[in-house]
Amino acid sequence: MSLPLFDFAEYWAAGRLNAQGLNPYDPILIEQLQRDLGRTAPGVLMWNPPWTLPIVMPFGLLEAHTAHLIWLALQLIVLLVSADRLWSFFGGDSERRWVAWLVTFTFMPTFSALTAGQISPLLVLGAVLFLYAERRNWPILAGVGTLLLAIKPHLVLLFWIALLLWTMQNRRWSFLISGIVIGVVASLIAVACNPPVLGQYWHAITTHPPAQYHSPTLGTLLRLWLSEESFALQFLPPVAGAIWLLIHWLRHRRNWLWEKQLPLILLVSLLTAAYGAWPFDLVLLLVPVIDVAARPRRPIAALVLHLTFNGVALVQFLFDPGFLAFVWMTPVLLLGYLVLRSQ
């Protein structure tokens, strides 16, 4: 008996098509491959940009269920290593590193990402690599980290703005250039297999954007309130987020430390994301969650928040009320982080 493929089917199909020189963003080709795997629901596209394709193409070359098992093993390793490194980075006691693993694997977004076969755990690894590379002044490793974060660039929009501002102020151009070069190389690998892939991606996101999905974001609530047909309304929260980031940058630019700023930036970025921020995407918030767990100023309050947050989320997952019902998750985590970090 094989495990359900869920979202992994979209990565596998896109990787397989691009490796064969075919359009990985073609809804018809994607649906045909997914139906061959036994999927009865409409086909789901991989909306990730072309520089993601070199990551998924090797899996697309394998039989789907075998590839899925390897994928899940990789994601487990990524989360285990990322949790351990975050615990160390944020000053957690090395003898209690098991707490980081426990927090990670009792965090409902982790469960959601693993069961869905999602790619989101790689964003956690990207954040870890960037933090370590910046502290050690390793621009190439930082570039790899930013590439992984760019798998879902809209989720970390405020990070890109902050990175640009920080680069210009500190003249750390090697970090920005390394990220761009590594992104270009990854894109060229995809283009080498399928020359028109960049145009195919552009055509996909401009002709049929994911407007049909009600992602659990403030933008979706705004759109449902004012005009469901106006997808552009979902882009108002990112504008508000960008304004907040600029004000925040002006206040903290002279003593900017990424280890202090990145957890909050990720929280606000996901809070104001235009779309996405699905429960499985919130696995990226392990960064602020482990930040609090590693240096708990109010350990009892942190434990109560963790148990309550994940208990409520678990009940929701069991009753399956629809993804929009999870819109509370990021605001609650942001509020909890601000309260626990202010003490």
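**Figure 1. Buried residues of helix 6 in the predicted model.** The buried residues of helix 6 are Met108, Pro109, Thr110, Ser112, Ala113, Leu114 and Ala116. The model shown here and in the other views is a predicted one. Helix 6 covers residues 108-116, and seven of its nine residues are buried, so the rest of the structure largely encloses this helix. Gly117 comes after helix 6. The phi of Gly117 is positive, near 70 degrees.

**Figure 2. Ser120 in the loop between helix 6 and helix 7.** Helix 7 spans 121-136, and Ser120 sits in the loop that separates it from helix 6. Ser120 is buried, at 1% relative accessible area. Leaving out residues up to four places away in sequence, Ser120 touches Lys152, Phe280, Asp281 and Val283.

**Figure 3. Packing of helix 14 against helix 17.** Helix 14 runs over residues 258-271 and helix 17 over residues 329-342. Their axes lie 9 Å apart, at an angle of about 155 degrees. Angles over 145 degrees count as roughly antiparallel, so helix 14 is roughly antiparallel to helix 17. The crossing of the two helices is left-handed. From helix 14, the contact takes in Lys260, Pro263, Leu264, Leu267, Val268, Leu270 and Leu271. From helix 17, Thr330, Pro331, Leu333, Leu334, Tyr337 and Leu338 meet them. By class, this contact between helix 14 and helix 17 has 11 nonpolar residues, one polar and one charged.

**Figure 4. Gln261, a buried residue of helix 14.** Gln261 lies in helix 14. Its relative accessible area is 8%, and under 20% counts as buried, so Gln261 is buried. Setting aside neighbours within four places in sequence, Gln261 is in contact with His248, His252 and Trp256.

**Figure 5. The edge-to-face pair of Phe8 and Phe59.** The whole structure holds 25 aromatic pairs. One of them joins Phe8 and Phe59. The ring centres are 6.4 Å apart and the planes stand at 90 degrees, an edge-to-face arrangement. Phe8 is in helix 1 (residues 8-19) and Phe59 is in helix 3 (residues 53-60), so the pair ties together parts 51 residues apart in sequence. Phe8 is buried, with a relative accessible area of 0%. Phe59 also counts as buried, at 10% relative accessibility.

**Figure 6. The tilted pair of Phe317 and Phe326.** Phe317 and Phe326 form an aromatic pair with 4.8 Å from centre to centre. The angle between the planes is 40 degrees, and the pair is tilted. Phe317 is partly exposed, at 22% relative accessible area. Phe326 counts as buried, at 5% relative accessibility.

**Figure 7. Leu222 and its contacts.** Leu222 lies in helix 12, which covers residues 218-226. Not counting residues up to four places away in sequence, Leu222 touches Ser227, Leu233 and Leu236. Leu222 and Leu236 are 14 residues apart along the chain. Their C-alpha atoms are separated by 8.8 Å.

Key. Residues numbered from 1 in each chain as written. Predicted model: local features only at pLDDT ≥ 70, side-chain atom pairs only at ≥ 80, totals over all residues. Heavy atoms only, no water. Axes fitted to C-alpha atoms, helices over the stretch in contact; angles between N-to-C directions. Helix = DSSP H or I, 4+ residues; strand = E, 2+ residues; numbered from the N terminus. Parallel < 35°, antiparallel > 145°, perpendicular 65-115°, else oblique. Left-handed = near helix turned anticlockwise from the far one by under 90°. Contact = heavy atoms within 4.5 Å. Nonpolar A, V, L, I, M, F, W, Y, C, P; charged D, E, K, R; others polar. Buried < 20%, exposed > 50% of the residue type's maximum accessible area, 1.4 Å probe, protein only. Phe/Tyr/Trp six-rings, centres within 6.5 Å; stacked < 30°, edge-to-face > 60°.
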